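Hi everyone, thanks for coming. Let me walk you through one structure; please have a look at it first.

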Amino acid sequence: MALDASELAASACETAGSEDFGGEAWQEGLERLVDALRGDADLNGIGAAFAGRELKQQLVNRLKIVAYSKANPAVTKADVVPPVVIVGHGRTGTTILHDLMAQDPATRVPLTWEVERPYPPPETATYDTDPRIDAVDMRLAAIGQVMPELQGMHPMGARLAQECVCITNADFRSTLFGTEYRVPSYMTWLLDTADMAPAYRWHRQFLQHLQARHPAHRWVLKSPGHIWSLGELLAEYPEALLIQTHRDPRAPAR
């Protein structure tokens, strides 16, 4: 598939059977990202094909979530209890803290499988046995075979907690793209000038979708990417509890 924003959107609409993306704010991020992938990243054919599939899937996920919300209007009216949000920089223990807090049965974290494959929304009765869990684990195992060192750097698994950058991917305002691809022009826009408010509106809608059939008492969220947009985060969740982790960069790792 060609790395073209319009073609990706059209293909996603055909796959999802819908043309309603829930507004147009996402378009600027997609266009800037595609421009950077075609220019800065200097992808080969395999890389371009991989990127195209990834971006299309994000568009399909968005279309399906919007369609579900339109068919079930109570979903977007449901409250999202002010979340706990871990906002420390990378390599400061954010992942282990997120996983530790996930052990509290009174909290819920977004799991990798439901973030990657959010439609239909997960259900309480099958939350631990949903077939998407095995499908995502198989995909991650394949990545591990190609890049075995990655698992040692950052644990991956369908049932492990996932970061918010994988939620805002579908609004195309996410620091994750900068870790996957060499896209400095996109990252400059994202960190310096992008309006992040739409990303957090989409973030809320995503959480509402995930809790539609499997209620959450309180979400515990995490992403080092939040540190660059705390104003927009708190505008969307004004009563959120922020946790910033720290590590002395002069101290040797243990």
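In β3, I243 is the bridge partner of I86. A word on names: helices (H or I, at least four residues) and strands (E, at least two) are DSSP runs, numbered from the N terminus. Strand β1, residues 84-86, pairs with β3 in the parallel sense over three bridges; two strands pair if DSSP finds at least two bridges between them.

Before going on, this is a predicted model, where local features need pLDDT of at least 70, side-chain atom pairs count only at pLDDT 80 or more, and totals for chains, interfaces and linings use all residues. Residues are numbered from 1 along each chain as its sequence is written, and side-chain values use heavy atoms, with hydrogens and water left out.

Back to the sheet. In what order do the three strands lie? The order is β2-β1-β3, in an open sheet with parallel pairing. β2 (220-222) and β3 (241-243) stand at the edges with a single partner strand each, so one side of each has no neighbour in the sheet.

Now two helices. The axes of α3 (residues 45-71) and α10 (residues 197-210) come within 11 Å and cross at roughly 65 degrees. Axes here are lines fitted to C-alpha atoms, for helices over the stretch in contact, and angles run from 0 to 180 degrees between N-to-C directions. α3 and α10 are therefore roughly perpendicular to each other (65 to 115 degrees counts as that; under 35 is roughly parallel, over 145 roughly antiparallel, and the rest oblique).
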